[in-house]
Amino acid sequence: MQTLLTSVQMRKADEYTIANKPIASVDLMEQAAKSFVKNFIRDEPDAGKNIAVLCGKGNNGGDGLAIAYLLLGAGYKNLKVYLVNFSAQKSDDYTINLQRLEETRCLKIKIDQPSAFKNINADLIIDAILGSGLNKPLKGDYLELVASINQLNKKIYAVDAPTGFFAEGKIPAPYNGIKAYKTICFQRPKINFFFPESVAATAHFEVAEIGLDEDFIQKSTTDFYLIEKQDVAERLKPRKIFSHKGTYGHALIIAGNTNTMGAALLSSMACLYAGAGLTTACIPQSGLTALNAVLPEVMALPRDEYTRIENPAKYQSIAIGPGLGVSIENERLLESLIANNIANNKVLVIDADALNIVSDRQDLLDKLPVNSILTPHMKEFDRLFGEHESWWDRVETAKNKARELKIVIVLKNQFTFICTPGGKVIINPTGNAAMAQGGMGDILTGIIASFAAQGYSSEDAAILACYIHGRAGDDLAKKRIVVTASQLAKRISKEIRALTGS
Ligand SMILES: NC(=O)C1=CN([C@@H]2O[C@H](COP(=O)(O)OP(=O)(O)OC[C@H]3O[C@@H](n4cnc5c(N)ncnc54)[C@H](OP(=O)(O)O)[C@@H]3O)[C@@H](O)[C@H]2O)[C@@H](O)CC1
Ligand SMILES: Nc1ncnc2c1ncn2[C@@H]1O[C@H](COP(=O)(O)OP(=O)(O)O)[C@@H](O)[C@H]1O
């Protein structure tokens, strides 16, 4: 899993690399510039375009100068460098790169006041004014300049971070920094790129390797981690020779209601395709025909208002909530499960209406069995734990609650945050907007229940499920504008196979 670091920690990684690799600071900057240029040329191969490179006087500006030099060398002749001269101080590597650029015929224009940057003739802008050194909100000349750059409505590529964008912590609203089309950042994504508010700062981001000491970065203390394909491949256990259905656990899905039977079918289908040995769906009588017709492999446990799960110990995992409905009977059912699962130490997955029930019964939160998994989307989360103004605050609450209640909270979004009892925030990078359709969360719940039934820990079940769910969506979206929940469910097994390589 990749560690995600703050700007201050990344600076320490720069310093460590410079001291221990060893490599001169200016050479590290050159590597960063080369990495940026490689990605930029891939995206913008037309060397005839008019490009404006805006450089501040710190190391971000130094990167900008090195990038300009390299782009000129690569044949991008219609390039102008704008030297933003609002600060007295300049970094050493900025000075070195400026001297090198002096030796070329590159056109350099000094910007002493914001009004100097108007009516420029550029197809593209490269923003290297301020990067990860940002330590206060933009104001004065910087703010004015940034506003006039944004007003030009040009395609902007930001170097490492858009000017004015805080890499971590609450993103101030309204955002007043550079609005980039893409940010090419160095070595690690900024933590804040995973928060929805960052879309105001950059529509896209990508990471360019610059040769910082990976060992140092990986050993740095952080709460934030990013799942990589390898983490999933390592966790997935191949199916064993001589195994049988009993080897892969029995999952119970308590879901569905008269008008929301589909949710139960989708969760059960996902549970099947993710490999549980046995799946039982606890659904109302009215859904039995549908279940038998659509999912003949799934067993049924008809549910009425008096239903209590007899012998819950025979299930290795129990998921409750998709399409369930909020009623006093369902509240009692959930309450009995919570009490039972504490005794049986089985994994309980709580989703959708079961979360809504808990929102009105806050006392149940404290009674949740250790390692229960909650899978709220934003609204369900705020109903449970109170309104949040920003995603940073929401994730902080999720992190604290997961630790305090010793549970796993899967806070769903474009990038889903998996908060663990150990205080980690594990970010899932897979998934896309084609998946934004009803039923997608039901599928996730089914996959989590399936992995939990197969004996994976709650944390691993959540990690595997989120990654595989998103990856299936990504693969399907290559040829579609929308991916339906049923399509995704049917893809799960193939994704797992591809990831295990067996
Ligand atoms: N070897 C390396 O280190 C490598 C670094 N790399 C590159 O360095 C970048 C970080 O560079 P950096 O630390 O020099 O900071 P940068 O973003 O250029 O800002 C300059 C100064 O601006 C100031 N300032 C802050 N906020 C402000 C505000 N709101 N309004 C006005 N001023 C403000 C603040 O100075 P202060 O005001 O605190 O004196 C700050 O120090 C990083 O993003 C990457 O591109 C790569 O080349 C890889 C190798
Ligand atoms: N734009 C998106 N990018 C990535 N994943 C998405 C996107 N939209 C939805 N998803 C995923 O789909 C699921 C939606 O869950 P939820 O809102 O509970 O759906 P439902 O209640 O309709 O089943 C989550 O796992 C979420 O991460």
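Visitor: Quick one to start: is K412 buried or exposed?

Guide: In this predicted model, K412 is buried, because 22 other C-beta atoms lie within 10 Å and a residue counts as buried from 20 or more.

Visitor: And where does K412 lie?

Guide: K412 is found in the loop between β16, which covers 408-411, and β17, which covers 416-419.

Visitor: What is K412 in contact with, leaving aside its neighbours within four places in sequence?

Guide: With those neighbours set aside, K412 is in contact with T375, P376, H377 and G441.

Visitor: What about N413, buried or partly exposed?

Guide: N413 counts as partly exposed, since it has 18 C-beta neighbours inside 10 Å, and its place is also the loop between β16 and β17. If residues up to four places away in sequence are not counted, N413 touches P196 and M378.

Visitor: Which residues does UniProt give for the feature "binding site"?

Guide: The UniProt record, an unreviewed entry, places that feature at K412, N413, Q414, F415, T416 and G441. These residues span 30 residues in sequence, yet no two of their C-alpha atoms are more than 13.4 Å apart, so they gather at one spot.

Visitor: Which residues come nearest to ligand 2?

Guide: Of the 18 residues around ligand 2, the nearest are K412, G431, A436, M440 and G441, and K412 and G441 are also among the positions that UniProt lists for "binding site".

Visitor: Which helix gives the most to that shell around ligand 2?

Guide: That is helix α15, residues 440-453, which gives 4 residues to the shell around ligand 2. Sorted by class, this shell has 6 nonpolar, 10 polar and 2 charged residues.

Visitor: OK, over to ligand 1: how many residues surround it?

Guide: Ligand 1 is surrounded by 29 residues, and the closest are G58, N59, N60, G131 and G133. The elements that give two or more residues to this shell are α2 (25-43) and α3 (59-73), and by class the shell around ligand 1 has 12 nonpolar, 13 polar and 4 charged residues.

Visitor: New topic: how many strands does the open sheet have?

Guide: The open sheet has 11 strands with mixed pairing, in the order β1-β9-β18-β17-β16-β15-β14-β13-β10-β11-β12. Its edge strands are β1 (2-3) and β12 (299-303), each of which pairs on one side only.

Visitor: In what sense do β14 and β15 pair?

Guide: Strand β14, residues 347-350, and strand β15, residues 373-374, pair in the parallel sense over 2 bridges, and the bridge partner of I350 in β15 is L374.

Notes. Residues are numbered from 1 along each chain as its sequence is written. Chains are lettered from A and ligands numbered from 1 in the order in which they are written. This is a predicted model: local features need pLDDT of at least 70, side-chain atom pairs count only at pLDDT 80 or more; totals for chains, interfaces and linings use all residues. A residue is near a molecule or strand if its C-beta atom, placed from the backbone, lies within 6 Å of it. Ala, Val, Leu, Ile, Met, Phe, Trp, Tyr, Cys and Pro count as nonpolar, Asp, Glu, Lys and Arg as charged, and the others, Gly among them, as polar. UniProt positions are given in the numbering used here, feature names are shortened, and annotations may be inferred rather than shown by experiment. A residue is buried if 20 or more other C-beta atoms lie within 10 Å of its own, exposed if 12 or fewer, and partly exposed in between; C-beta atoms are placed from the backbone. Two residues are in contact if their C-beta atoms, placed from the backbone, lie within 7 Å. Two strands pair if DSSP finds at least two bridges between them.
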